[in-house]
Amino acid sequence: MTKLACNVTSCLHNSDNRCCKQTIIVDGHEACDCKETCCGSFDENRMGSFKNVFKTPENRLEVDCEAVKCIYNENRHCVAENIDISGDGADRAEQTRCATFRMRG
């Protein structure tokens with residue numbers, strides 16, 4: 001399991017810069033750079049109206065990953081110990097990214 005830090009505070013799954021989902025997916029099948037990835041599990045928290053009262057942030061979670069050119073991708077699963085998802089202010093998934101992405105050599 002991966003420790004995930006997320007600064008996408010506009011996502012309704014974000015609480016205290018961590019994700020409240022047990023599993024997320026990183027999209028970017030053809031990605032060669034982190035800018036070509038995104039969090040496929042992003043859901044916009046429109047105008048901050050949703051307050052997460054039922055779920056707590058996960059310390060570690062499963063990260064399914066379609067960015068197959070990343071050094072941390074093993075059989076479409078992220079094996080990085082820590083992962084950073086960025087894109088504060090995003091209103092759609094394409095404005096987020098996996099900042100941990102590193103191209104295979």
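Tutor: Terms to start: two strands pair if DSSP finds at least two bridges between them. Strands (E, at least two residues) and helices (H or I, at least four) are DSSP runs, numbered from the N terminus.
Student: What kind of model is this, and how are residues numbered?
Tutor: This is a predicted model, where local features need pLDDT of at least 70, side-chain atom pairs count only at pLDDT 80 or more, and totals for chains, interfaces and linings use all residues. Residues are numbered from 1 along each chain as its sequence is written, and side-chain values use heavy atoms, with hydrogens and water left out.
Student: How many helices and strands?
Tutor: 0 helices and 8 strands.
Student: Which strands make up the open sheet, and in what order?
Tutor: There are 3 strands, ordered 1-7-8, with mixed pairing. Strand 1 (3-6) and strand 8 (97-98) are the edges, each pairing on one side only.
Student: Do strands 1 and 7 run parallel or antiparallel?
Tutor: Parallel, with 4 bridges joining strand 1 to strand 7 (residues 82-86).
Student: Which residue is the bridge partner of Lys3 in strand 7?
Tutor: Asn82.
Student: New topic. Why does the radius of gyration agree with a compact globule?
Tutor: Because a compact globule of 105 residues would have a value near 13 Å, and the protein has 13 Å. The radius is taken over C-alpha atoms, and the globule rule is 2.2 Å times the number of residues to the power 0.38.
Student: What box do the C-alpha atoms fill?
Tutor: Roughly 45 × 25 × 15 Å, along the principal axes.
Student: And what share of contacts between residues at least 6 apart joins residues at least 24 apart?
Tutor: 67%. Contact means heavy atoms within 4.5 Å.
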